[in-house]
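Here is a short briefing to read alongside the sequence and the model. Please keep both in view as you go.

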Amino acid sequence: MSQAVEADPVTTAASRDRKTLIARAVTLLLALGLWFCPAPAGLQVDAWHLFALFAAAIAAVVIGAFPILTSSVLALAAAVLTGTIAAEDAYSGFGNGTILLIVVAFLVARAVVKCGLGERLGQLAVSLFGRSTLGLGYSVFLVDAVIAPAFPSNTARSGVLFPLVLSVAEAAGVRPGSEGRQRLGSFLMFCGIASLTVSSGLWFTAMAANPLGAEIAKGYGLEISFGSWLVASSVPTLAAMALLPYFLYKVVGPEVTATPEAPRAARAALQAMGPLRTAEKIVAATFVGMVVLWGAAAHLGLDSTAIAFLGLGALLASGVLTLGDIAKEGDVLATFIWFAVLFAMSGQLNKLGFMGYLGERLAGRLGGLSPLVAGIALVVAYVLLHYLFVSQTAHLLALFGVFLDVGVKLGVPVAPFAFLLLFATNFFSANTPQGSSANLLFAGSGFLSQGDLYRLGALTTAFNLAIYLLVGTPWLVLVSR
């Protein structure tokens, strides 16, 4: 009878160290190789050098050379010390309101869990949908789709959705790193990320870049209203919402698939918890108030980040959250730093003209192709270029007008093509953890590794792209007649 041989911890550690060293050497060679290559004609040297650093930082994360925090701060230091970008531009992300909103949303979400309201919400969700893991995934998509039209910021919406998903996971007995149910937590958290990508494309008001893109499309004779957007988005987006949870369920493969006893156990737990406690009432009132103010922010001219700070202040003043609680949130600080760094570097790539240059060169090579093939190629290129961005709005501002203009010149029908690009601006945001600020709450939950995020993000983006091209294209051609 054969006997299993346990791996030597020392040998395993040495092998892991060798792989890390090789990955770091590859990253350094990539950075130096790109840096010392002559800048392409028509592109500033500083833009090319910044691209070299940005690309190396992302590659380092993908191949496991460094964690995303380490790679981003090293890239930032190199960019400033070499004079590639000015210091004030490099640090501009740290004062960005959207990034601050993410940090505050992390803390508010923690209050939902700490006071017990998170557990109560999770038990309630399990009691209603907990007979299967797949049912829990669909419930995340449904809740997000219902609240989406009231939120012109999917980042703000993630602040509402994340604590609910976290509560569901914890009520199902899942903790970060827990044995036997880690993939269940990964499935639920990535359902949160994936739902934000499709629900933002369902409603005209669900993401700030949607009306911004509509304004750009006006220059090409296309008028987009709330109603026309919903008609155009309904079929491909609802198809994605119907199929994506099942796709993720199959890809992730949660350890627990059927939980027939869970609803009864959840109802018993709710009964044992008794009525709402004072702290839960405070958090619930604060949370609802933030949701209402976020939903009305566009109409009242309110700043979403200030609303988040108001909610955090109320929780601190009430004692539900303490300075000690905040001191324990080390991951929040790490997330704040790396996202602020990548946000600033991405913005500078756009400012230096790299994004526009790249988009024009890629699009310009499609001359001579049929309008259908050219349109599909442009949409695919538009999606892939998001790996260089950490903001959907920045991506749209840099490339939407360029790609739309080239498509029109190549004979691609304006309305279907513009809508496909606008929908893509939403669904490609899952491709990387930095692909949208809305991803960061889920990415920082502890249930998803950086490898998981890139792998699942790429698969989800490819799946959405296929759905929108195969289902959306004929539908958009039909409704555009």
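Predicted model: local features only at pLDDT ≥ 70, side-chain atom pairs only at ≥ 80, totals over all residues.

Residues are numbered from 1 along each chain as its sequence is written, and side-chain values use heavy atoms, with hydrogens and water left out.

**Helix α3 and Ser71**

- Helices here are DSSP runs of H or I with at least four residues, numbered from the N terminus; α3 spans residues 68-81 and includes Ser71.
- From first C-alpha to last, the 14 residues of α3 reach 20 Å, close to the 20 Å expected at 1.5 Å a residue (the expected span is 1.5 Å times one less than the number of residues).
- Ile68, Ser71, Ser72, Ala75, Leu76 and Ala79 are the buried residues of α3, where buried means under 20% relative accessible area, exposed over 50% and partly exposed in between, with a 1.4 Å probe and protein chains only.
- These residues cover an arc of only 130° around the axis, which puts them on the same side of α3; the arc is taken from the directions from the helix axis to the C-beta atoms.
- As background, an α-helix has 3.6 residues a turn, so residues three or four places apart point the same way.
- The buried residues of α3 pack against α2 (45-62), α4 (87-90), α16 (330-351) and α22 (450-479).
- Ser71 counts as buried because its relative accessibility is 5%.
- Leaving aside neighbours within four places in sequence, Ser71 is in contact with Ala57, Ala60, Val61 and Phe66 (contact means heavy atoms within 4.5 Å).
- A polar atom of the Ser71 side chain lies 3.3 Å from the backbone oxygen of Ala57.

- Ala86 sits in the loop between α3 and α4 and, at 31% relative accessibility, counts as partly exposed.
- Although Ala86 and Gln348 are 262 residues apart in sequence, they are 9.7 Å apart in space, C-alpha to C-alpha.

**Aromatic pairs**

- The structure holds 13 aromatic pairs; rings of Phe, Tyr and Trp (its six-membered ring) pair if their centres lie within 6.5 Å, with planes under 30 degrees apart counted as stacked, over 60 as edge-to-face and the rest as tilted.
- One of them joins Phe94 and Phe336 edge-to-face, at 5.6 Å centre to centre and 85° between the planes.
- Phe94 is in the loop between α4 and α5 (97-114) and Phe336 in helix α16, so this pair ties together parts that are 242 residues apart in sequence.
- Phe94 counts as partly exposed at 27% relative accessibility, whereas Phe336 is buried, with a relative accessible area of 18%.
- Phe204, Trp229, Phe419, Phe423, Phe427 and Tyr468 form one aromatic cluster.

**Nonpolar core**

- The largest nonpolar core has 149 residues, of which Ile224, Phe354, Tyr382 and Phe403 touch the most other members; such a core is a set of buried Ala, Val, Leu, Ile, Met, Phe, Trp, Tyr and Cys residues joined through side-chain atoms within 4.5 Å.
- Helix α5 gives the most to this core, with 13 residues.

**Helix α10**

- In α10 (residues 209-218), the residues Ala209, Asn210, Gly213, Ala214 and Ala217 are buried.
- Seen down the axis of α10, its buried residues fall within an arc of 140°, so they line one face of the helix.

Technical notes. Helix = DSSP H or I, 4+ residues; strand = E, 2+ residues; numbered from the N terminus. Polar contact = N/O pair within 3.5 Å; in protein donor to acceptor, adjacent residues only side chain to side chain.
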